[in-house]
Amino acid sequence: MAIPLAKLLISAVAVFVLVSASFATSEMPFMVVHKKATLNRLKSGAERVLVSFDIYNQGSATAYDVTLVDNTWIKKTFEVVNGNTSRSWERLDAGGILSHSFELEAKVKGPFYGAPAVVTFRIPTKTALQQAYSTPIALDILADKPPTDPLALAKRILAKYGSLVSVISMVVLFIYLVATPSKSNLAKAGSKKKR
């Protein structure tokens, strides 16, 4: 009883491996879509959002009629300043990269969670359009941020502990000068030993 069950299990695994291998070797595009948003605060107090996309075809076949659509940006919250939120390309070869960017101006303060953008493409072996999704994003628009001065931390530490550091360094210097013998004392001690 155990031997027929083992044969059946081995046969099922062999069929699974063969079917998986046939799918793995078929030529298809594999899209990886990276969505990135960068905040830029203007001197006027407004905040701009630069949204950029990198679309990678990591598959082994060319994708045709590639279209990127990003409907995340609500008009009452954002205004398109530069570029378009959608773009189309004729093709994306295997191993190729496509890039697109646009700029928005934020109208509302607060956290914003952006849904993934949708990339549709066509492959010659299938009639239906294929879809790929970008990475989602989270932004804190017009947030009260601490200053980004690289010396700000050093300035705060110096303001808080500066007087203490100067007093301690003077005491240490005084103890060092008192405790170490001078060269003239060393010369006198050496001449006394010779006599």
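Which pattern does the chain follow, read along the sequence? I read it off as α-β-β-β-β-β-β-β-β-β-β-α-α.

**Entry 1: ground rules.** This is a predicted model, so I take local features at pLDDT of at least 70 and side-chain atom pairs at pLDDT 80 or more, while totals for chains, interfaces and linings use all residues. Residues are numbered from 1 along each chain as its sequence is written, and side-chain values use heavy atoms, with hydrogens and water left out.

**Entry 2: the whole chain.** I found 3 helices and 10 strands. Both kinds are DSSP runs numbered from the N terminus: H or I over at least four residues for helices, E over at least two for strands. Of the 195 residues, 25% count as buried. On this scale buried means under 20% relative accessible area, exposed means over 50%, and partly exposed lies in between, with a 1.4 Å probe and protein chains only. The accessible surface comes to about 14200 Å², and 64% of that belongs to carbon and sulfur atoms. Such areas come from the Shrake-Rupley method with a 1.4 Å probe; for residues, only the protein chains shown count as cover. I also looked at contacts, meaning heavy atoms within 4.5 Å. Among those between residues at least 6 apart in sequence, 68% join residues at least 24 apart.

**Entry 3: the core.** Next I went inside. The largest nonpolar core has 28 residues, and Ile 55, Val 66 and Trp 73 have the most contacts within it. Two or more residues come from each of strand 1 (31–41), strand 2 (47–57), strand 3 (63–69), strand 5 (86–92), strand 6 (97–106), strand 8 (118–122) and strand 10 (137–141). A core here is a set of buried Ala, Val, Leu, Ile, Met, Phe, Trp, Tyr and Cys residues joined through side-chain atoms within 4.5 Å.

Which residues does Trp 73 touch, not counting those up to four places away in sequence? I listed Lys 35, Val 49, Val 51, Phe 78, Thr 85, Phe 102, Leu 104, Phe 112, Ile 137 and Leu 139.

Then I clicked on Ile 97, which sits in strand 6. Leaving out residues up to four places away, Ile 97 touches Ile 55, Tyr 56 and Leu 92. Its C-alpha is 9.7 Å from that of Val 33, 64 residues away along the chain.

**Entry 4: salt bridges.** My rule was a side-chain nitrogen of Lys or Arg within 4 Å of a carboxyl oxygen of Asp or Glu. That rule gives 6 salt bridges.

I started with Glu 47 and Arg 41, whose closest N and O atoms are 3.9 Å apart. Is Glu 47 buried or exposed? Glu 47 counts as buried because its relative accessibility is 1%, whereas Arg 41, at 41%, counts as partly exposed.

Arg 48 pairs with Glu 103, with 4.0 Å between the closest N and O atoms. This pair links distant parts of the chain, strand 2 to strand 6, 55 residues apart. Arg 48 has a relative accessible area of 21%, so I noted it as partly exposed. Arg 48, Glu 103 and Glu 105 are linked in a network of salt bridges.

Asp 65 bridges to Arg 122 at 2.9 Å between the closest N and O atoms. Here strand 3 is joined to strand 8 across 57 residues. Both partners are partly exposed: Asp 65 at 37% relative accessibility and Arg 122 at 31%.

**Entry 5: a loop.** Thr 125 lies between strand 8 and strand 9 (130–133). Thr 125 counts as exposed because its relative accessibility is 65%.

Entry 6: Which residues make the nonpolar surface patch of about 560 Å²? They are Ile 157, Tyr 161, Leu 164, Val 165, Ile 168 and Val 172. Patch residues have over 30% relative accessible area and no salt bridge; like charges are joined within 9 Å and nonpolar side chains (Val, Leu, Ile, Met, Phe, Trp, Tyr) within 5 Å. Val 165 belongs to helix 2 (residues 152–179) and is exposed, with a relative accessible area of 52%.

I then checked UniProt, where an unreviewed entry places a "transmembrane region" at residues 161–179. UniProt positions follow the numbering used here, feature names are shortened, and annotations may be inferred rather than shown by experiment. In the model, residues 161–179 are 100% helix and 0% strand, and the end C-alpha atoms are 27 Å apart.
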